[in-house]
Amino acid sequence: MAPEDPTVFKEATWVSISYVDGLTMFGGGVFDGQGASAWGQNDCAKNKNCVKLPINIRFHVVKNSLIQDITTKDSKQFHVNVLGCSNITFQSFTVSAPEESLNTDGIHIGRSDGVYILDSKIGTGDDCVSLGDGSNNVKVQGVTCGPGHGISIGSLGKYKNEEPILGVFVTQCTFANTMNGVRIKTWPASQPGSATDIHFEDITMDNVGNPILVDQEYCPWNQCDLSVPSRVQLSTLSFKNIRGTSKTQIAVKLICSSGLPCDEVELADIDLTYNGPEGPAISQCSNVHPALSGVQNPAACSSEPTGEAAP
């Protein structure tokens with residue numbers, strides 16, 4: 001159990017594991033961050049002078065390792081941060097925190113190659129899994145996400161010298177009552193960058209907001225210039241066999257950059273329903289021409305350059 005008072009931490013980490021090759025962590029234990037009293041202070045996204053709250057577990061330059069049957073609970077900030085790692089697997093891993101826990105991403109990955117999250121359950125107040133720049137060869141399979149904000153790539157393009165993302169595979173996952181489903185987000189007026197070879201397949205959505213979302217106009221708290229397009233190139237994206245229920249009418253939203261339109265995007269066997277008062281589910285697209293196959297519910301917008309919606 002971590003100390004409840006965040007001011008006793010000398011740095012923004014509770015448990016840190018660095019420069020280890022061949023680590024195995026198992027045994028069914030719980031890392032309890034006791035974060036409830038700190039969540040109200042977690043405003044670093046808006047406040048540059050914020051208190052830097054501790055992450056439950058950091059893996060830094062850890063290689064050829066297995067983290068199995070471990071739980072992280074109620075972190076004050078991100079639950080797990082994976083940075084500079086290679087060939088690291090999270091198997092039967094659990095993240096447990098309430099929906100109201102601010103900025104508590106389940107597993108955040110950055111500048112790592114070969115990260116595998118398998119057969120795990122993640123419920124938290126932010127992204128279940130989030131991928132920053134330099135995340136390559138990432139596989140998320142058999143994960144149940146909820147509560148939370150979904151599985152997100154990005155946001156990308158905010159900082160100089162971000163590394164490309166290459167090879168992300170999210171398969172056989174279930175989202176339940178999450179704010180978003182599968183999401184890619186980049187800033188407008190961004191630094192240059194790229195994310196390529198990204199695939200979402202065999203996904204079940206249960207009352208999920210924005211089940212399929214590409215947002216290259218990501219601009220929280222109006223901290224950006226929407227008049228300048230994103231310079232992050234998204235290419236070779238696929239969304240296949242994604243089914244279930246949406247809690248927002250726009251179930252498929254692909255908003256790509258007007259400066260660098262999305263390239264090689266595929267929608268196949270999409271079946272998402274919405275039962276709200278506005279009417280049935282719709283899709284919305286801009287600056288993208290996806291290849292279509294199989295069921296398309298809602299009807300896919302294949303070539304709307306101005307962001308028009310298709311019923």
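Tutor: Let us begin with burial: a residue is buried under 20% relative accessible area, exposed over 50%, and partly exposed in between, with a 1.4 Å probe and protein chains only. This is a predicted model, in which local features need pLDDT of at least 70 and side-chain atom pairs count only at pLDDT 80 or more, while totals for chains, interfaces and linings use all residues. Residues are numbered from 1 along each chain as its sequence is written, and side-chain values use heavy atoms, with hydrogens and water left out.

Student: Why is histidine 149 called buried?

Tutor: Its relative accessibility is 19%, so histidine 149 counts as buried by the limit of under 20%.

Student: What makes His149 a residue listed under "active site"?

Tutor: That label comes from UniProt, where an unreviewed entry lists His149; UniProt positions are given in the numbering used here, feature names are shortened, and annotations may be inferred rather than shown by experiment. In the model, histidine 149 sits in the loop between β14 (144-145) and β15 (151-156), where strands are DSSP runs of E with at least two residues, helices are runs of H or I with at least four, and both are numbered from the N terminus.

Student: Which residues does histidine 149 contact, leaving aside its neighbours within four places in sequence?

Tutor: With contact meaning heavy atoms within 4.5 Å, histidine 149 touches Gly125, Asp126, Asp127, Met179, Asn180 and Arg183. For glycine 125, the backbone oxygen is 3.2 Å from a polar atom of the histidine 149 side chain.

Student: How do you know that cysteine 128 and cysteine 145 are joined by a disulfide?

Tutor: A disulfide is a pair of cysteine sulfur atoms within 2.5 Å, and the sulfur atoms of cysteine 128 and cysteine 145 are 2.1 Å apart. The torsion about their S-S bond is about 85°, so this disulfide is right-handed. The pair links distant parts of the chain, with cysteine 128 in the loop between β11 (121-123) and β12 (129-131) and cysteine 145 in strand β14, 17 residues apart. Both cysteine 128 and cysteine 145 are buried.

Student: How many disulfides are there by this rule?

Tutor: The count comes to 4 disulfides, among them the link of cysteine 256 and cysteine 262, with sulfur atoms 2.0 Å apart. The torsion of the cysteine 256 and cysteine 262 link is -100°, and the link is left-handed.

Student: Why is cysteine 173 called buried?

Tutor: Its relative accessible area is 1%, so cysteine 173 is buried. Cysteine 173 is in no disulfide, however, the nearest cysteine sulfur being that of cysteine 145, 8.5 Å away.

Student: Where are the bounds of domain 1 and domain 2?

Tutor: Domain 1 covers 1-39 + 62-137 and domain 2 covers 150-303, with bounds that come from an automatic or database domain assignment. Their centres, taken over C-alpha atoms, are 25 Å apart.

Note on methods
A polar contact is a pair of N or O atoms within 3.5 Å; within protein, one must be able to donate a hydrogen and the other to accept it, and residues adjacent in sequence count only if both atoms are side-chain atoms.
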